[in-house]
Amino acid sequence: MTPLSRSLLSGSRLSRLLLFGSRLSRLLLSGSRLSRLLLSGALWMPAWLARRSSRQAVPALLPLATMLVGWSLFAALAVRPAVIEAAEPPTVTNSIGMKLVLIPQGRFTMGSPVEEEGSEDDETPHPVTLTADFYLGVTEVTQEQFRRVTGSNPSNYQGNKAAELNPRTGRVVRAVDTASYPVENVTWPEAVEFCRKLSALPGEQQSGRVYRLPTEAEWEYACRAGSKTAYSFGPAVDKLAEHAWFDQNTKTPKPVGTRKPNAWGLHDMHGNVWEWCADWMGDYPATAVTAPSGPDKGTDRVVRGGGWDIDAAACRSAYRDGGEPTTRLESLGFRVAVTVKAAAVKAAAVKAGPVNAGSVKAGAAAAQTTGRPAATTRVTK
């Protein structure tokens with residue numbers, strides 16, 4: 001990080017002036033009617049006031065107008081996309097209405113300390129460096145999105161299963177539209193196939209987006225959103241119900257995005273449904289790693305995040321579990337990731353605004369998602 005970037009992130013008077021100048025410069029250089037009026041006013045206001053009052057107004061106001069325009073242009077060149085203007089990174093909405101958020105590359109400690117409540121033996125803390133930016137779905141893939149891409153919906157929680165029934169007659173009293181509920185009861189190969197079919201849609205091919213499952217390291221980094229505590233919002237389990245659907249506040253899956261998001265705008269990283277990851281399940285290393293993508297082979301694929309039918313400890317950011325690729329559970333779904341090339345990141349930043357490199361410094365490495373059959377199931381129900 002450059003000295004200028006550190007200054008911008010410091011919250012000092014200089015950083016506030018730079019941010020103000022950057023915003024004003026973008027307005028002045030935008031070519032809009034308002035920008036033309038501001039520029040004209042800055043250049044002609046001293047002369048106009050001079051005619052209206054005394055000649056002393058010219059030397060007094062001309063430097064002010066010059067400083068205003070000059071400072072704005074300087075800030076535009078000095079700050080550029082590295083300036084952090086918003087607390088959220090850029091987002092894109094794809095051709096089926098799925099929203100994705102940009103997660104820039106970065107470093108974090110994966111796993112949990114032994115003193116963390118609920119910590120497991122397979123959560124050995126180790127430094128991880130992620131070297132490539134990626135997009136991640138703001139929510140889990142919904143039933144409607146899955147049906148639209150594949151033509152089917154394997155979810156258990158739909159139709160009469162989701163409807164409100166008369167307890168005496170068993171007839172439907174009120175139907176429930178589950179289009180915005182997470183797709184569940186989906187296998188790992190089906191999740192991978194969804195990614196392939198979504199990537200093949202004309203709108204996605206035109207944009208150059210290639211979808212895949214996130215690696216386990218990408219998933220945990222995005223879930224943590226810069227945090228080092230048991231949950232992305234802090235260590236207090238009594239606040240989990242505000243951020244997650246789990247066994248203490250629901251008996252069924254719930255529509256995606258109805259709990260509070262984490263600091264990077266991602267919903268349901270804790271609870272609702274478990275999420276498939278690209279990796280085979282394996283032991284963590286004890287030393288630092290770069291762009292990990294798991295073992296080359298295994299029996300279980302990683303699942304993360306916990307679900308609506310599991311306790312709070314299993315919803316922790318570091319909690320790991322796995323299941324054979326053919327596992328189907330009514331609390332098991334997925335979300336998608338997209339590897340971002342440098343050109344695509346630049347285009348997105350220009351369109352969506354500057355990335356918050358201070359509060360949104362995350363990242364990822366691409367992983368291949370070619371599956372192999374497996375034999376046993378470890379997914380906690």
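User: Where is Thr 142 found?

Analyst: This is a predicted model. In it, Thr 142 sits in the loop between β5 (134-137) and α5.

User: Why is Thr 142 called buried?

Analyst: Buried means under 20% relative accessible area. Thr 142 has a relative accessible area of 7%, so it is buried.

User: Which residues is Thr 142 in contact with, leaving aside its neighbours within four places in sequence?

Analyst: Contact means heavy atoms within 4.5 Å. Beyond those neighbours, Thr 142 has contacts with Ala 179, Ser 180, Tyr 181, Pro 182, Val 183 and Val 256.

User: How do you know that the span of helix α6 agrees with its number of residues?

Analyst: Helix α6 covers residues 188-200, which is 13 residues. At 1.5 Å a residue, the helix should span 18 Å. Its end C-alpha atoms are 19 Å apart, so the two values agree.

User: Which residues of α6 are buried?

Analyst: They are Trp 188, Ala 191, Val 192, Phe 194, Cys 195, Leu 198 and Ser 199.

User: What puts these residues on the same side of α6?

Analyst: Look at the arc around the axis. These residues cover only 150 degrees of it, so they lie on the same side of α6.

User: What covers the buried residues of α6?

Analyst: The cover includes α5 (143-150), α7 (202-207), β8 (211-212), β9 (274-280) and β11 (301-304).

User: Which residues touch the most other members of the largest nonpolar core?

Analyst: This core has 39 residues. Val 141, Phe 194, Leu 213, Trp 276, Phe 334 and Val 336 touch the most other members. Two or more residues come from each of β2 (99-103), α5, α6 and β9. The most come from α6, with 6 residues.

User: What is Val 336 in contact with, leaving aside its neighbours within four places in sequence?

Analyst: The partners include Met 98, Leu 100, Tyr 135, Val 141, Phe 194, Cys 195 and Tyr 211.

User: What makes β1 and β8 edge strands?

Analyst: Start with the sheet. It is open, has 5 strands and runs in the order β1-β2-β5-β14-β8, with antiparallel pairing. β1 (91-93) and β8 each pair on one side only, and that makes them the edge strands.

User: How do you know that β1 and β2 pair?

Analyst: Two strands pair if there are at least two bridges between them. β1 and β2 have 3 bridges, in the antiparallel sense. So the pairing meets the cut-off of at least two bridges. As for partners, Val 92 is bridged to Leu 100 in β2.

Terms used:
Residues numbered from 1 in each chain as written. Predicted model: local features only at pLDDT ≥ 70, side-chain atom pairs only at ≥ 80, totals over all residues. Heavy atoms only, no water. Helix = DSSP H or I, 4+ residues; strand = E, 2+ residues; numbered from the N terminus. Expected span 1.5 Å × (residues − 1). Buried < 20%, exposed > 50% of the residue type's maximum accessible area, 1.4 Å probe, protein only. Arc of directions from axis to C-beta. Core = buried A, V, L, I, M, F, W, Y, C linked by side-chain atoms within 4.5 Å.
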